[in-house]
Amino acid sequence: MNRYRLKALWGFMSGARMYYLIAVASSLLTECFAFAMPLIISNTVDYGLNGKPLRAPAFIAQWIEGLGGAPMLARNLWIPGVLLVCVMLLQGVFMFLRGRTVSMGAETVARSMRNRLYDHLQRLPYDYHVKAETGDLIQRSTTDVETVRRFFSAQFIQAVRMIVMLALALGILLSIHPLMTLYSLALIPFIVASCMWFFKRIQKQFAVVEEADGHLSTVMQENLTGVRVVRAFGRERFELAKFSVANRDIRDKSIRLTRFFAFFWSSSDMIVIIQQLVTLLVGVWYAASGAITLGDYIVFNSYVGMLLWPVRQFGRVLSDMGRMLIAMGRIDEVLKTPAEDSGDDPQAPPIDRDIVFDRVTFGYDDKEPVLRELSFTVKAGETVALLGTTGSGKSTIMHLMQRLYDADEGRITIGGVDIRRIDKAHLRRRVGIVLQEPFLYSRTIRENIGITKDSICDEEVADAARVACLHDVVEEFEKGYDTLVGERGVTLSGGQKQRVAIARTIIRDCDVLIFDDSLSAVDTHTDAIIRSELRRRRKGITTFIISHRISTLKEADRILVLEDGRLTQQGTHEELINTDGLYRRVWSLQASLEADMEREAISV
Amino acid sequence: MSAIQEEEFTQSKVQWSTWKKLLSYTRPHRRSVAMTLLAMAVVAMADVVGPYLNGYAIDTFITPGRWDGMGWYIAISLVLIVISSTCVFTFIYNAGHVEAGICHDIRRDSFHRLQELSFSYYDKTPVGYIMARMTSDSSRLADTVAWSLVDLCWGFGFMVISLVSMFIFNWRLALVMLAILPPLTALSLIFQKRILTHQRNVRKLGSRITGAFNEGIMGARTTKTLVREDGNFGEFTRLSGSMRESAIRAAHYSALFMPIVMTLGSLATGAVLWLGGWQVQVMGLSLGELSFFLSLSNMFFEPVRHIAMIFAELQNSQAAAERVIGLLENQPEISDTPEVLKRFGDSFEPKRENWPPLTGEVTFENVSFQYKQGEKVLEDFSLEVPAGQTIALVGETGSGKSTIVNLLCRFYEPTAGRILIDGVDYRERSQLWLHSNLGYVLQSPHLFSGTIRENIRYGKLDATDEEIERAARLVGADGFISRLEKGYDTPVGEGGSRLSTGEKQLISFARAIVAAPALFVLDEATSSIDTETEVRIQAAIEKVLAGRTSFIIAHRLSTIRNADRIMVIEKGRVIESGTHRELLAARGHYYELYTNQFVEEKERALLAGAAAGQS
């Protein structure tokens with residue numbers, strides 16, 4: 001499992017591997033220079049001030065001897081000073097390079113993850129999004145990506161740095177005095193292990209605090225959204241008491257968490273300082289007895305100091321790595337879900353042809369069919385209205401028309417071509433659908449209406465808006481068509497949203513238009529205006545209208561009546577009101593109104 | 001991203017007055033603050049003593065090659081280790097205590113204030129905005145205040161102690177160190193500010209990316225029907241690309257900062273090595289002292305960096321601080337007069353013994369009202385309702401019918417005219433008095449997390465189980481409640497999410513009934529609920545209204561029909577008023593409204609009924 005994840009990780013790194021190579025190399029050089037600094041000091045002390053032999057590679061030693069050796073150095077102590085600054089400067093250069101390439105690598109990885117997720121999510125089948133838990137998907141696309149990014153930008157290089165430092169320290173120290181090295185680094189495995197244990201434990205504590213935090217948020221949220229109820233019942237005091245309990249709870253739990261932290265940092269501090277003290281004492285012992293020089297003593301103490309503090313982070317890196325792998329697995333899971341495709345050899349035939357449903361049966365998720373052996377033909381340019389009982393499958397027909405789902409049995413043809421052979425993008429571009437509860441993008445009204453256009457022409461937008469009876473409404477807004485929709489700007493009413501959706505669909509010049517109860521939230525008067533505008537405009541466009549308003553239905557060339565997934569009646573308004581059935585029952589409500597009113601007036 | 005979210009990222013200058021107000025929140029936690037500062041000072045001292053002991057060891061043991069006093073040395077070191085570890089524990093624990101305490105207190109005070117603020121505040125402030133102040137802002141401010149104190153104390157402590165000790169030992173070397181302090185500080189300040197500005201930029205883009213994912217996922221189905229995938233993806237790649245650029249730029253400054261500061265620090269170290277080495281040769285500076293100075297010069301940029309970070313952090317949190325202080329200092333628009341408070345008590349400490357009973361006679365006397373200057377919603381509105389009558393308000397959205405109810409509940413007060421309850425201007429009574437006599441059922445029923453029993457009890461906190469069950473029976477809610485596995489003790493979920501809208505409505509009716517109010521307000525739901533529930537709710541309403549003065553914003557025909565008086569409201573004026581029968585006979589607005597609805601309701605029943613009949 002982990003092996004698979006590591007492979008996926010390597011995959012995500014493509015395009016950023018070069019950055020990491022440079023980063024690892026820079027890290028190595030950075031630490032080399034960092035480790036050189038105590039060596040300069042120790043050599044200055046030993047060689048320059050105390051007359052001990054120089055501890056350096058032979059060629060450097062020879063070179064310095066050639067320049068005049070120790071006496072020269074003792075006279076010119078500015079040399080080691082300048083050398084020190086130079087080494088530091090070089091360390092700085094590589095440190096910068098490391099930071100820079102690591103961030104480039106991490107951000108490149110993050111960008112490619114985000115792009116792949118966004119692209120893939122959009123291409124997942126319609127059905128996936130119907131069932132998807134939005135919150136969870138957003139979490140994966142944001143929090144999980146961030147977890148991975150953070151690992152790549154911080155912990156990864158920290159781990160590299162730790163390994164490099166340990167290797168360098170071991171190499172240099174062992175060459176000076178092996179036994180002393182053992183004493184100086186003895187506690188390191190213990191420190192790493194205890195840090196790992198701690199960071200594992202602390203996750204649980206964090207979860208406890210987070211839970212309390214969530215509870216407090218719920219109490220607040222409910223109080224704020226229910227402020228009317230709170231005030232109307234005069235429950236301010238009660239609410240305050242309830243809040244106080246939750247507020248105290250999180251305070252106490254946070255304090256418990258800090259106590260845990262305080263315990264960890266103070267005790268691990270103690271271990272680290274004890275290790276330093278051990279190094280110091282052993283160093284004093286060996287130095288005083290002459291086994292090592294004063295310079296060596298300084299080197300040991302410096303290296304141990306440099307090494308021990310970051311070693312504590314190592315535990316954290318390891319425990320975070322587990323979290324990162326989990327986050328990555330969750331991202332990979334989304335990317336592994338198969339995306340939608342149009343099948344082999346998709347075609348792009350003309351869509352302004354006759355549409356034939358031939359014994360179409362369809363059910364969601366192998367459940368009982370929603371449509372049963374449904375057959376009907378719609379001539380090109382015809383306007384067909386659908387009336388049906390709740391759950392009779394009206395909307396399902398519309399889904400099939402756009403190939404959001406494919407029929408289980410039977411077939412749908414357009415101009416004789418089975419739509420399963422038609423390219424999905426082509427089909428959807430030619431078949432426009434207006435949903436009952438449309439989703440608007442958080443952009444301006446103009447951009448929403450022209451969302452399918454490459455370039456937005458103001459005249460076209462206003463024209464479409466006029467047809468949808470939206471123009472006058474928009475003109476009343478302070479910013480007109482530049483008004484932002486949704487969270488960022490004005491909140492449109494349900495009817496206004498429907499009208500924006502109508503405008504953005506008719507602007508596309510489709511061959512087939514589908515209105516899925518799209519005027520349900522518009523009042524009857526506006527509804528009538530929009531319909532007459534649409535009639536004027538959609539000449540020659542095949543149109544499906546789902547509605548339960550007789551006034552809307554009766555204008556259609558033909559009305560299909562659906563009950564329980566079956567076509568029970570079809571015909572014109574005139575024909576249907578003369579036949580017994582659902583359509584006549586709905587229609588007769590209007591007629592019976594007068595009689596009912598009379599009865600009402602008497603009964604009161 | 002909303003305008004409010006944008007605001008999260010604005011940067012303002014540090015205003016000390018704001019922080020002084022926040023600092024006053026440390027007062028109840030003085031002891032912890034004092035302990036933190038004390039421990040921090042000791043830690044700073046230990047950080048100087050450590051290198052000193054190291055140098056001491058060189059001079060005392062290594063150079064002469066002797067062991068005298070080694071025992072003492074070890075003993076003192078161990079004692080110091082214990083002391084410093086204890087101090088580390090103390091400062092972390094106490095600073096954590098201060099942080100949690102401040103956060104708790106800010107939240108407590110804000111919440112208290114929020115219970116007092118008027119509806120006008122809630123109208124213009126989204127819940128999300130308030131939540132952000134109460135959650136992230138308050139915890140961030142507590143964090144800033146508590147840990148800035150720690151860093152400040154350590155930073156200054158370490159700097160002062162090390163400088164003083166350096167001057168004592170060797171003023172020449174100390175001067176060298178002092179010389180790099182100003183450029184170091186200046187550089188740190190500049191960089192920290194830059195880094196934070198860029199980081200804020202990254203956060204801003206981060207929240208835009210979250211927004212883009214949000215929209216991409218929520219709108220995926222619409223995108224599909226519009227074939228907008230490529231367009232959306234193109235926009236997203238631009239966004240994620242600029243995110244990458246910004247993040248790299250931010251990292252660029254962070255990556256640049258440390259090397260520059262360290263190189264600058266190494267100037268001091270190099271100078272100390274040169275000058276110190278020379279002093280060892282010429283002036284008898286001991287090697288131990290040299291090592292001590294070298295160590296300090298190495299550590300010296302740390303406190304400077306910490307202090308620079310605090311200033312940057314303060315600047316970064318300034319906006320958050322102002323927002324929180326703003327919330328705390330917000331004054332409620334509706335408040336009881338001091339006389340009323342004295343006699344009847346406030347919402348937290350009521351004096352119920354002085355409360356007169358409420359019978360339910362309501363009078364609107366030439367009432368005018370406007371939410372915003374110049375936009376009159378109600379003008380010169382008068383109405384007299386004898387106790388026990390039911391008034392139905394009918395009209396389109398925005399006609400002013402909700403305003404009438406809001407004024408009655410004193411969620412708002414009239415801008416002109418008076419509202420009398422039992423013949424007395426309601427401003428002469430406390431808000432809680434009115435609210436305690438009010439039954440209120442909302443269009444969208446709001447429940448609280450907890451059990452069904454707890455939710456009904458919200459109407460009357462000391463209601464017995466018997467009373468609760470009676471109320472539930474009365475509204476016909478006992479049927480579905482008893483079918484639940486845990487009955488009345490079933491948790492309803494966050495906001496009542498585990499119940500259907502109809503069920504929630506029934507519970508909110510029961511909640512209003514158990515309060516036995518004299519005044520009843522019903523903002524009726526328009527949302528379609530199944531026919532069976534509708535019948536039950538209808539029966540519940542009739543029972544609830546009996547014998548109470550009721551105001552109903554009505555949508556359902558049956559409720560309207562039975563009202564004592566129906567008022568059709570348009571643009572803040574009553575255009576028709578009378579009983580159902582009178583208004584039908586008049587064949588005016590009411591008639592039209594009624595007939596339209598009549599057809600729609602029947603139609604819905606027919607279509608839904610047919611489906612139910614066949615499946």
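User: What makes strand 6 and strand 7 of chain A a pair, and in which sense do they run?

Analyst: In this predicted model, strand 6 of chain A and strand 7 (residues 512-516) of chain A share four bridges in the parallel sense. Strands (E, at least two residues) and helices (H or I, at least four) are DSSP runs, numbered from the N terminus. Within this pair, Ile433(A) has Ile514(A) of strand 7 as its bridge partner.

User: How are the residues and chains labelled, and which confidence limits apply?

Analyst: Residues are numbered from 1 along each chain as its sequence is written, while chains are lettered from A and ligands numbered from 1 in the order in which they are written. Because the model is predicted, local features need pLDDT of at least 70 and side-chain atom pairs count only at pLDDT 80 or more, whereas totals for chains, interfaces and linings use all residues.

User: What makes strand 6 and strand 10 of chain A edge strands?

Analyst: The open sheet of chain A has six strands in the order 6-7-8-3-9-10, with mixed pairing. Strand 6 (431-434) and strand 10 (566-571) of chain A each pair on one side only. The twist averages 20° from one strand to the next. Helix 13 (residues 394-401) of chain A packs on this sheet and touches strand 3, strand 6, strand 7, strand 8 and strand 9 of chain A.

User: Why is one side of strand 2 and of strand 5 of chain B left without a neighbour in the sheet?

Analyst: The sheet of chain B is open, with four strands in the order 2-1-4-5 and antiparallel pairing. Strand 2 (376-385) and strand 5 (424-425) of chain B stand at the edges with a single partner strand each, so one side of each lacks a neighbour in the sheet. Strand 1 (residues 362-370) and strand 4 (residues 416-421) of chain B are joined in the antiparallel sense by five bridges. Val362(B) has Ile421(B) as its bridge partner in strand 4 of chain B.

User: Why is helix 11 of chain A called roughly antiparallel to helix 4 of chain B?

Analyst: The axes of helix 11 (residues 236-288) of chain A and helix 4 (residues 70-116) of chain B come within 8 Å and cross at roughly 160°. That angle makes the two helices roughly antiparallel, since the term applies over 145 degrees. The contact between helix 11 of chain A and helix 4 of chain B comprises 20 nonpolar, 13 polar and eight charged residues.

User: Which residues make the contact of helix 9 of chain A with helix 6 of chain B?

Analyst: Helix 9 (residues 188-225) of chain A and helix 6 (residues 127-169) of chain B pack at about 145°, their axes 10 Å apart. Helix 9 of chain A contributes Ser217(A), Met220(A), Gln221(A), Leu224(A) and Thr225(A), and helix 6 of chain B contributes Val127(B), Ile130(B), Met131(B), Met134(B) and Thr135(B). Residues are in contact if their C-beta atoms, placed from the backbone, lie within 7 Å. By class, this contact has six nonpolar, four polar and no charged residues.

User: How many residues of each chain are in contact across the two chains?

Analyst: In total, 121 residues of chain B are in contact with 120 residues of chain A. Helix 9 (residues 229-282) of chain B supplies the largest share of the chain B side, 32 residues. That side has 65 nonpolar, 43 polar and 13 charged residues.

How values were computed: Axes fitted to C-alpha atoms, helices over the stretch in contact; angles between N-to-C directions. Parallel < 35°, antiparallel > 145°, perpendicular 65-115°, else oblique. Nonpolar A, V, L, I, M, F, W, Y, C, P; charged D, E, K, R; others polar. Pairing = 2+ DSSP bridges.
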